[in-house]
Amino acid sequence: MRADGVIPYMNDYKFINSKVDTTLPKRKTQTVNIDLTGGMMGYDWGFNGKKLDINNDANWIKIKQGTNVRIVIRNRSMMSHPIHLHGHFFRVINGRNNKNAPLKHTVNVKPMETVVIEFAADEEKDWLIHCHLLFHMAAGMGTVISYQ
């Protein structure tokens with residue numbers, strides 16, 4: 001533990017590896033880009049500058065079942081955001097040993113950092129992806145991943 005109380009391996013995914021091979025099956029990969037946007041001044045948290053609207057699927061992420069999905073999450077704000085994906089475990093591509101990339105369901109994305117996650121799209125229907133900070137989520141920082 002550092003003097004400031006931060007435990008490095010809990011805040012930097014470069015130090016974490018799975019004990020088993022987490023390589024995804026070889027198949028088509030869809031890449032999705034998410035920019036984490038907003039700030040405390042305007043209380044305007046969102047994904048790609050937009051707030052979640054569950055009644056309007058225009059901004060939902062549409063994916064195809066049976067593919068792999070790679071999500072590039074870029075934090076454009078000055079706060080950390082723990083991004084949580086319901087119904088899935090995903091690999092955190094940490095640049096070390098991607099064969100043993102750690103499996104997570106929530107990943108912390110530090111200010112001005114980019115984190116890449118990927119998962120096998122083997123579920124069905126709609127799943128929420130959002131910031132796990134309640135006031136960010138309530139302000140609209142999230143979207144729906146929808147299987148097509």
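Where in the chain does Met-40 lie?

Guide: Met-40 lies in the loop between β1 and β2 (46–47). Strands here are DSSP runs of E, at least two residues long, and helices are runs of H or I, at least four long; both are numbered from the N terminus. This is a predicted model, where local features need pLDDT of at least 70, side-chain atom pairs count only at pLDDT 80 or more, and totals for chains, interfaces and linings use all residues. Residues are numbered from 1 along each chain as its sequence is written, and side-chain values use heavy atoms, without hydrogens and water.

Met-40 counts as partly exposed, at 48% relative accessibility. The classes are buried (under 20% relative accessible area), exposed (over 50%) and partly exposed in between, with a 1.4 Å probe and protein chains only.

Now step back into β1. Asp-35 forms a salt bridge with Arg-74, with the closest N and O atoms 2.9 Å apart. Asp-35 sits in strand β1 (residues 29–37) and Arg-74 in strand β4 (residues 68–75), 39 residues apart. A salt bridge is a side-chain nitrogen of Lys or Arg within 4 Å of a carboxyl oxygen of Asp or Glu. Asp-35 is buried, at 18% relative accessible area. Arg-76 also bridges to Asp-35, at 3.9 Å between the closest N and O atoms. Arg-76 lies in the loop between β4 and β5 (81–85), so its pairing with Asp-35 in β1 ties together parts 41 residues apart in sequence. Arg-76 is partly exposed, with a relative accessible area of 46%. The whole structure holds 6 salt bridges.

What sheet does β1 belong to? An open sheet of 6 strands, in the order β2-β1-β4-β9-β6-β7, with mixed pairing. The edge strands are β2 and β7 (103–104); each has a single partner strand, so one side of each lacks a neighbour in the sheet. Strands pair if DSSP finds at least two bridges between them. β4 and β9 run antiparallel, joined by 7 bridges. In that pairing, Arg-70 stands opposite Glu-118 in β9.

Arg-91 bridges to Glu-118, with the closest N and O atoms 2.8 Å apart. Arg-91 is in strand β6 (residues 90–93) and Glu-118 in strand β9 (residues 114–120), 27 residues apart. Arg-91 is buried at 4% relative accessible area. Glu-118 is buried at 9%.

β5 pairs with β8 in the antiparallel sense, over 4 bridges. His-81 stands opposite Val-109 in β8.

Last, confidence. The chain averages a pLDDT of 89, and 91% of the residues score at least 70; pLDDT is the predictor's confidence in each residue, from 0 to 100. Confidence is lowest in helix α1 (residues 8–11), at a mean of 56, and highest in β4, at 98.
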